[in-house]
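Trainee: Can you walk me through this one? I'd like to start with the charged pairs and then move to the strands.

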Amino acid sequence: MRTSHFVMADTGWPGCAKSLKGVILDLCGVLYDSGEGDGVAIPGSIEAVKKLKESDLQLRFCTNETQATREKFVAKLRRLGFDISVSEVFPPAPAAIAVLKERGLRPHLLVHDGLLPEFDGVDKTNPNCVIVGDAAENFSYQNLNEAFRVLIGLEKPVLFSLGQGRYYKETDGLKLDVGVYMKALEYACDLKAEVIGKPSPTFFQSVLNDMGLQPHEVLMIGDDLLNDVGGAQHCGMKGVQVRTGKYRPIDERHPTVTADGTVDNLAQAVDMILSQRGH
C-alpha cells in the first residue's frame, strides 16, 4: 500500500498541524495592536488563545517588546482579556541580562523608561557595552550620541540590540523600531551588533528548550515576515504569517522569505490547526 504522497502532503501547512506539539505566538500585531492606553485586542484573538490553552499543545509567547518590564507587559495583556502568565512570555531583556552576567559586561542603556526596572540589579558603572532597545521618544540626538561616544571610546566595543525590527504598527500608524537606530550605531562605529530577541536562533532555542521540544514539532505565528516567520524557519520550525499588525500584501511576494502559510488572523490559524487535529 503506497501512502508516501499522503505523508508528504502533511509536511506543509496546514497538514503539519497534525504532528505539532507546540505553538509560539508573537504578541504585538497578532494578539493586539499597541497604542493609546493598553492598545486593542485583535478581533477573535482572546478566544483563539483560550482554545490553544485548552488543547493538548504547549503554548509560549515570543516577543521583541522592550517598552515595559515583563510583569507590566503581561498585566496589560491580562487587562485586554488574555489568559497569559509571566512564565509563558519570552522578551529580550531577561535574555540580555543573562548574557551580561555570563560575560561580565556593564551596560550603557539606550532603552525606554518603562524597561529600566528590568535592569535594576545590573551594574552600570563604567560601562563596557551598549544595549539599545525600542526607546521610542528616548531616541533623541543627544541620547544616540551618548551611546555612540560610549561605544567609540571602548577598546572592544560591544553593541547589543533588543530585536532588530524596522517598524511596527500602533493604532495610529507605523512606528520606527529599534533596528533603525541599531544600524545607525553600527554604521557610526563600524561594528556589528549582537541581536538578542527575534530572529536570533539562540533566542528561539531558549523558548524551545523551555518547552522541551524539537524545532520541527513547533509552529511560530507572527505578523513580521522576516523576524517571526523567517527567524522561525531558520531554526527548523514552520512559520505562518497573519494578515494583521504590520503585515503588508507585498510580504506574500518577498524574494527570500516565504511563509509556510498566510492566514487572515490568529483566530483563523488556530481553527485550522485544531481542525487538522480533529478538535
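Mentor: Start with Glu170, which is buried at a relative accessible area of 13%. Buried means under 20% relative accessible area, exposed means over 50%, and partly exposed is in between (1.4 Å probe, protein chains only). Keep in mind that this is a predicted model: local features need pLDDT of at least 70, side-chain atom pairs count only at pLDDT 80 or more, and totals for chains, interfaces and linings use all residues. Residues are numbered from 1 along each chain as its sequence is written, and side-chain values use heavy atoms, with hydrogens and water left out.

Trainee: Which side chain does Glu170 meet in a salt bridge?

Mentor: That of Lys175, at 2.9 Å from N to O. A salt bridge here is a side-chain nitrogen of Lys or Arg within 4 Å of a carboxyl oxygen of Asp or Glu. Lys175 is partly exposed, with a relative accessible area of 27%.

Trainee: How many salt bridges are there in the whole structure?

Mentor: The search finds 19. Two of them involve Glu186: one with Lys183 at 3.7 Å, N to O, and one with Lys192, where the closest N and O atoms are 3.9 Å apart.

Trainee: Where do Glu186 and Lys183 sit relative to each other?

Mentor: They are three residues apart in helix H6 (residues 178–189), so about one helical turn separates them. Helices (H or I, at least four residues) and strands (E, at least two) are DSSP runs, numbered from the N terminus.

Trainee: And is Glu186 buried or exposed?

Mentor: Glu186 is buried, at 7% relative accessible area. Lys183 is partly exposed at 47%, while Lys192 counts as exposed at 63%. Elsewhere, salt bridges with shared partners link Asp26, Lys198 and Asp228 in one network.

Trainee: OK, strands now. How many residues of S4 are buried?

Mentor: Four of the five in strand S4 (residues 58–62), so it is mostly covered.

Trainee: What does S4 pair with?

Mentor: Strand S1 (residues 22–25) runs parallel to S4, with four bridges between them; Leu25 has Phe61 as its bridge partner in S4. S4 also runs parallel to strand S5 (residues 89–90), joined by two bridges, and there Cys62 stands opposite Phe90. Strands pair if DSSP finds at least two bridges between them.

Trainee: Which helix does the chain go through from S4 to S5?

Mentor: Helix H3 (residues 70–80), and this β-α-β crossover is right-handed. That label means that, with the strands pointing away from the viewer, the path from the first strand over the helix to the second runs clockwise.
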